[in-house]
Amino acid sequence: MALSIHVMTLFPAMFEGFLNQGIISRGLDANLLDVNVHNIRDAAKDRHRTVDDIPYGGGAGMVMKADVLADCLESTEPFESGRNVPVCFLTPQGRTFSQTDANRMSLLDEFVLICGRYRGIDERFRERFVTDEISIGDFVLSGGEPAAMVVIDAVARLVPGVMGDFESGIDDSFQNGLLDCPWYTRPDDFRGMKVPEVLKSGNHAKIKEWRNKKSMARTRERRPDLLG
Ligand code: 6GU
């Protein structure tokens, strides 16, 4: 197994469709990837299977309980086997996730993703167990689940063998620090709009030059910050 991802969530069903389609599903089938989704509620031991409680000091919303989160985390395979594994908490307070993080994480053997809900999680769980805090941008989601799926998708496709050569990530937007060039397929004439001649010329050096030029121009226009 090239990469094992452990996800802790109160909504495991949210991951079902996601894990059963496309590149991720292929990576799982090929045993290049393993995604274990743990229901945090399974770690709650009381009659009502309580996972959250009111905040000390008052205030609106509920806080996820440190004891339940710890029991769930310690029931995951890497913890049971005593391995030191990155524990990433998905939160808008985290560092913004980037392609560099995706590349780095795709080379790991395993990591844990924790999806928060409600107000947040008890600070003591964070202090004791969380090694990394990840945000996917400056906006607020109602839970970490969609963010975890974003991270899993970005990382999983980079695991060697998951993408075929033809879909290799080498030319991706961001992978070389630039946005991707425009792409065209048949028909040649779409409602009067023609495919650029150079792409039909068969001159591969010229095509490469055109694509580089378009990548640069697009990056300068849309994301000048990427050019430094
Ligand atoms: Cl990781 N979680 C939540 N709840 N909201 C977010 C986020 C994460 N990243 C951006 N917004």
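## Salt bridges

Asp-67 forms a salt bridge with Lys-65, the closest N and O atoms lying 3.4 Å apart, where a salt bridge is a side-chain nitrogen of Lys or Arg within 4 Å of a carboxyl oxygen of Asp or Glu. The model is a predicted one, in which local features need pLDDT of at least 70 and side-chain atom pairs count only at pLDDT 80 or more, whereas totals for chains, interfaces and linings use all residues. Residues are numbered from 1 along each chain as its sequence is written, and side-chain values use heavy atoms, with hydrogens and water left out.

Asp-67 counts as partly exposed at 44% relative accessibility, and Lys-65 does so at 23%; buried means under 20% relative accessible area, exposed over 50%, and partly exposed in between, with a 1.4 Å probe and protein chains only. The count comes to 14 salt bridges, including one between Glu-77 and Arg-83 at 2.6 Å, N to O, and one between Asp-101 and Arg-95 at 3.0 Å, N to O. In the latter, Asp-101 is buried at 7% relative accessibility, whereas Arg-95 is exposed at 56%. Salt bridges with shared partners join Glu-77, Arg-83 and Glu-110 into one network.

## Nonpolar cores

A nonpolar core is a set of buried Ala, Val, Leu, Ile, Met, Phe, Trp, Tyr and Cys residues joined through side-chain atoms within 4.5 Å. The largest such core has 30 residues, of which Phe-15, Leu-113 and Ile-152 touch the most other members. Its largest share, 8 residues, comes from helix 7, helices being DSSP runs (H or I) of at least four residues, numbered from the N terminus. A second, separate core of 22 residues includes Ala-44, Ala-66, Cys-72 and Val-85.

## Helix 7

Helix 7 covers residues 145-156 and is mostly covered, with 9 of its 12 residues buried; among them are Met-149, Ile-152 and Val-155.

## Aromatic cluster

Rings of Phe, Tyr and Trp (its six-membered ring) pair if their centres lie within 6.5 Å, and planes under 30 degrees apart count as stacked, over 60 as edge-to-face and the rest as tilted. The count comes to 2 aromatic pairs. Phe-125 and Phe-129 form a tilted pair, 5.1 Å centre to centre with 35° between the planes. These two residues are 4 apart in helix 6 (residues 123-129), so they are separated by about one helical turn.

How values were computed: Expected span 1.5 Å × (residues − 1).
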